[in-house]
Amino acid sequence: MKLIFRIVLDILLVIAILNGWWPIAIALVLIGIWFFKLYIEIIIAGVAYDALFGMTHGMGWRGYEGTIFAVVLLIVVKLLKKLVR
Amino acid sequence: MYIRTSKRPGQDLARMSAYIAAGIVVVIIAVQLLVPHFLPSIFTTIARPFWRMEFSVGSGSLDSPQVLLAENESLKTQLAALNVQQQSIQAVANDNSELLALLGRPDASSVAASNIQSATSTGTASSTPISYLKSMPGRILAAVLVRPPQAAYDELLIDIGADRGISYGAKVYAPGNILIGSTTDILGQTSKVKLFSSPGEIYSVLIGSGRIPATAVGRGGGQYQAEVPQASKINQGDTVSDSSISDAPFGIVTAVLANPADPFETVLFAPSVNIYQLRWVLVATSTGKKI
């Protein structure tokens, strides 16, 4: 059941990333991080978002903000989970 | 007495996840430093078929024959009306060409004439891109796969790239010969276009009938602003054009913000096309620099 939920969540995440719906993508990855022990898809989603819409010449660090945000979110939620559970 | 001999499994998992995340970040940094276009190429190659499909559906590929026939009829009527309009504008363009030739700028006459011609064909450009393309030599027609607000950085993703000889910095025009941006990243079959309206981007323009020189500063979302002296008499609806001799249309003044205490007034303007609805653009092939 948990695996099916994860696959559905991943498919929704791919759709959100392809369409550039980053607020929806953030909501989905938050659900993913909270429910699964190691939701590594968040990093892939961050890299994919930057590769599609960022990582452009002249954009500087802003072109990598998806990846940076994903790593920070993963660490913060991991720490929060440790505190709460 | 109980002695713990091993660490908790939760700690191991947390450590492992931290290592994996750090490893991915290190790999990304290394790949970006060594092969800057590798990751964008991989992901856009995967995304391109989905975007193309979305574009085709949006263009009416799945509409019923009745809807397509009705649209065809409507476009034919529209085209006939525009042809009549075109003839009178062509006469003005010819006059303009002769005047420019008299003033010693025969080279500019053809550019100016084509601008007038293309500016009037905006209505048909989006519906008949092939005929529009024929009227614009030295430019390649491209379909817009992703546009703001879908792309969060005020940029467009178009369906042509190195495969069609697009170069870095090539100018990009919306239907109607409206200059909107330039290419910033060229991939195999796609390119990224940074709009001049991106926050902080600057471009030289001429505003109003008095052709007041100003620097357009991008505000994002297809909007620009410029500072002009109070006595410039710029009004809402005035045209903004490219500062080159080609005189390409750039935008239309949407508001003028004046403070009596300030010697300058702020002019807000936007392109006459809606960047949120752009489906086709033209990319210049003759200009631009390689990197």
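Q: How many residues of chain B are in contact with chain A?
A: This is a predicted model, to begin with. In it, 22 residues of chain B touch 22 residues of chain A.

Q: Which elements of chain B supply at least two residues each to that side?
A: Helix H1 (9-34), helix H2 (38-58) and strand E4 (178-186) of chain B.

Q: And which gives the most?
A: H1(B), with eight residues.

Q: What's the make-up by class on the chain B side?
A: There are 16 nonpolar residues, four polar and two charged.

Q: How far is B:Ile42 from B:Gly188, C-alpha to C-alpha?
A: 9.9 Å, while the two residues are 146 apart along the chain.

Q: Over to chain A. How do H2(A) and H3(A) pack?
A: Helix H2 (residues 22-35) and helix H3 (residues 41-53) of chain A pack at about 165 degrees, with their axes 10 Å apart. Angles over 145 count as roughly antiparallel, so that is what H2(A) is to H3(A).

Q: Is their crossing left-handed or right-handed?
A: H2(A) and H3(A) cross in the left-handed sense.

Q: Which residues make the contact there?
A: H2(A) uses A:Trp22, A:Ala25, A:Val29, A:Gly32 and A:Ile33. H3(A) uses A:Glu41, A:Ile42, A:Ala45 and A:Tyr49. By class, seven are nonpolar, one is polar and one is charged.

Q: New topic, the strands. What does E1-E2-E5-E4-E3-E12 form in chain B?
A: A closed barrel of six strands with antiparallel pairing. The twist averages 45 degrees from one strand to the next.

Q: Zoom in on E3 and E4. How many bridges join them?
A: Four bridges join strand E3 (residues 171-174) of chain B to E4(B), and the two run antiparallel. B:Tyr173 has B:Leu179 of E4(B) as its bridge partner.

Q: What about E6-E7-E8-E11-E10-E9?
A: That order of strands in chain B also gives a closed barrel of six, paired antiparallel. Here the average twist from one strand to the next is 40 degrees.

Q: Over how many bridges do E9 and E10 pair?
A: Strand E9 (residues 239-242) and strand E10 (residues 249-258) of chain B pair over three bridges, in the antiparallel sense. B:Thr239 stands opposite B:Ile252 in E10(B).

Q: Last one. What's the phi of B:Arg211?
A: Positive, at about 50 degrees, although B:Arg211 is not a glycine.

Q: Where does B:Arg211 sit?
A: In the loop between strand E6 (202-207) and strand E7 (212-220) of chain B. B:Arg211 is partly exposed, because 13 other C-beta atoms lie within 10 Å. Exposed would need 12 or fewer.

Technical notes
Residues numbered from 1 in each chain as written. Chains lettered and ligands numbered in written order. Predicted model: local features only at pLDDT ≥ 70, side-chain atom pairs only at ≥ 80, totals over all residues. Contact = placed C-beta atoms within 7 Å. Nonpolar A, V, L, I, M, F, W, Y, C, P; charged D, E, K, R; others polar. Pairing = 2+ DSSP bridges. Axes fitted to C-alpha atoms, helices over the stretch in contact; angles between N-to-C directions. Buried ≥ 20, exposed ≤ 12 C-beta atoms within 10 Å, placed from the backbone. Parallel < 35°, antiparallel > 145°, perpendicular 65-115°, else oblique. Left-handed = near helix turned anticlockwise from the far one by under 90°.
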